[in-house]
Amino acid sequence: MNLNFKNRITFHYIVATATLMALVFGAIFFTVKNTVLENLDKDLSYEAIKHTGEIAISGERIYFANKAEWEEREHRESEVNPVFIQVMDKQGNLMDKSPNLKLDQLPFKQTKFGGHFNTKLNQKNIRLVQLPIEKEGKIKGYMLAAMSYESALSVIS
């Protein structure tokens, strides 16, 4: 390309401006994405820890001690931003779940504990956390908590 001096300056200015804009908008995108995910993960962890305190362990059986808690509106209905709760034994078998899951089950991953990850429930995007349930230093099962990830995806998009 054989450009005169004026066109070379214009070309370099356009390339520099485009690069700077890409960096700024990339930084904004990743900041928003991380903030949205951190807030969702914080809410999920809170729910999982809160409900871990409401379970009872009898031998190999893990269940929710206070069934009246599950009659709350947030666990009976699939509302705008429902919280899904599920308890699994250490082999990954279902022990108990919130009524708003109805006939569905949250996906259980044997290798993913304590971390948050994205998955699907009825073709809807959800964010899920799996926390170990311990008694006397031994893992007895896992608490799974999930929330819709749809609104977070809308913000990120």
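First, some ground rules. The model is predicted, so to speak of local features we need pLDDT of at least 70, side-chain atom pairs count only at pLDDT 80 or more, and totals for chains, interfaces and linings use all residues. Residues are numbered from 1 along each chain as its sequence is written, and side-chain values use heavy atoms, with hydrogens and water left out.

Now the sheet. Strands of a sheet pair through backbone hydrogen bonds, either parallel or antiparallel. Here five strands form an open sheet, in the order E4-E3-E7-E6-E5, with antiparallel pairing. Strands (E, at least two residues) and helices (H or I, at least four) are DSSP runs numbered from the N terminus, and two strands pair if DSSP finds at least two bridges between them. At the edges sit E4 (94-97) and E5, each pairing on one side only.

Let's follow one end. E5 (residues 116-121) meets E6 (residues 124-135) over six bridges, and lysine 120 has asparagine 125 as its bridge partner. Two residues lie between these strands, and asparagine 122 takes a positive phi near 55°.

Next, ten bridges join E6 to E7 (residues 138-148). Glutamate 134 stands opposite isoleucine 139, and arginine 127 stands opposite methionine 147.
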